[in-house]
Amino acid sequence: MRDNRVTNRRRRGGAGAVLGAAVVAMGLIAGTFYIFSCGVMPGLGRSDDRVFIEVMQNMNDAFNNPVFFASFIGALLFTAVSAWQLRGTTSFRWVLAALIAYLLAFAITSGVNVPLNDELADAGDPAKISDPAAVRERFEDVWLAWNAVRTVLSTVAVGLLARALVLWGRAGRDDQTRQSAYLDPAADPAAGSSASR
């Protein structure tokens, strides 16, 4: 009996840790997209065409690093694993909804924003581009619009995961209360007598 309780506690702790990691990774990604929408791009938008292209090329290159990819891909993996671990619980539908929202954001990033970044990189040295205004025009508005969409989707995913984490925590406390009442009938005579029937 005690071994089962320890195993269940460890299982709950592992599932809770994965869900917590999903919240953190998703929060980092949502924050990254958000800061581009409300600070980086509006500020960069005040620059002339060549400066805009050069800075965007440099930023896109800088984002190709293991730390960013750990959170970008980690948010997807942690959320997917958490959905699998929590199937059959009250938290499952919230995690599943978060996974769907982030899959859409992930698809937008991979299918729209990254190809636009690649096109901007292929334009070459901004000082040598014959028509930087045209290069910028093909990039800026489309990139901004889809960044806003993925920002909303990933922020929604954070909220859904946070709700799942709250429900998971409540379920754990409820389980502990029931176990305490079962093991110590004197603490709650009604629970003890019904548990023994």
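## Overall layout

The protein's secondary structure consists of 6 helices and 0 strands. Here helices (H or I, at least four residues) and strands (E, at least two) are DSSP runs, numbered from the N terminus. Read from that end, the elements follow the order α-α-α-α-α-α.

This is a predicted model, in which local features need pLDDT of at least 70 and side-chain atom pairs count only at pLDDT 80 or more, while totals for chains, interfaces and linings use all residues. Residues are numbered from 1 along each chain as its sequence is written, and side-chain values use heavy atoms, with hydrogens and water left out.

## Surface and burial

How much of the protein is buried? Of its 197 residues, 34% are buried. The word "buried" stands for under 20% relative accessible area, "exposed" for over 50%, and "partly exposed" for values in between (1.4 Å probe, protein chains only). The accessible surface comes to about 11200 Å², and 61% of it belongs to carbon and sulfur atoms. Such areas come from the Shrake-Rupley method with a 1.4 Å probe; for residues, only the protein chains shown count as cover.

F69, I73 and L77 make a nonpolar surface patch of about 260 Å². Patches are made of residues with over 30% relative accessible area and no salt bridge; like charges are joined within 9 Å, and nonpolar side chains (Val, Leu, Ile, Met, Phe, Trp, Tyr) within 5 Å. L77 sits in helix α3, which covers residues 66-85. With a relative accessible area of 53%, L77 is exposed.

Now to the inside. In soluble globular proteins, nonpolar side chains tend to be buried together. A nonpolar core is a set of buried Ala, Val, Leu, Ile, Met, Phe, Trp, Tyr and Cys residues joined through side-chain atoms within 4.5 Å. The largest one here has 27 residues, and L19, V95, Y102 and L161 have the most contacts inside it. Helices α1 (2-44), α3, α4 (92-122) and α5 each supply at least two residues of this core. Which helix gives the most to this core? That is α1, with 8 residues.

L161 touches L19, A22, V23, M26, T79, V95 and A98, not counting residues up to four places away in sequence. A contact means heavy atoms within 4.5 Å. There is also a second, separate core of 13 residues, which includes L44, F52, M56 and F139.

A164 belongs to helix α5 and is buried, with a relative accessible area of 0%. Leaving aside neighbours within four places in sequence, A164 is in contact with L19, S91, W94 and V95. The C-alpha atoms of A164 and V23 are separated by 9.6 Å, although these residues are 141 residues apart along the chain.

A83, in helix α3, counts as buried too, at 6% relative accessibility. With neighbours within four places again set aside, A83 is in contact with F92, V95 and L99. For the protein as a whole, consider contacts between residues at least 6 apart in sequence: 80% of them join residues at least 24 apart.

## A salt-bridge network

The structure holds 2 salt bridges. A salt bridge is a side-chain nitrogen of Lys or Arg within 4 Å of a carboxyl oxygen of Asp or Glu. In one of them, D49 pairs with R136, and the closest N and O atoms are 3.1 Å apart. D49 lies in helix α2 (residues 49-62) and R136 in helix α5, so this pair ties together parts that are 87 residues apart in sequence. D49 is partly exposed, with a relative accessible area of 23%, whereas R136 is buried, at 9%.

E140 also forms a salt bridge with R136, the closest N and O atoms being 2.8 Å apart. E140 and R136 are separated by about one helical turn, because they are 4 residues apart in helix α5. Salt bridges that share partners join D49, R136 and E140 into one network.

## A threonine in helix α5

Is T151 buried or exposed? T151 is buried, with a relative accessible area of 8%. This residue is placed in helix α5, which spans residues 132-183. Its side chain reaches the backbone oxygen of N147 at 2.6 Å. T151 touches F33, Y34 and S37, not counting residues up to four places away in sequence.

Notes:
Polar contact = N/O pair within 3.5 Å; in protein donor to acceptor, adjacent residues only side chain to side chain.
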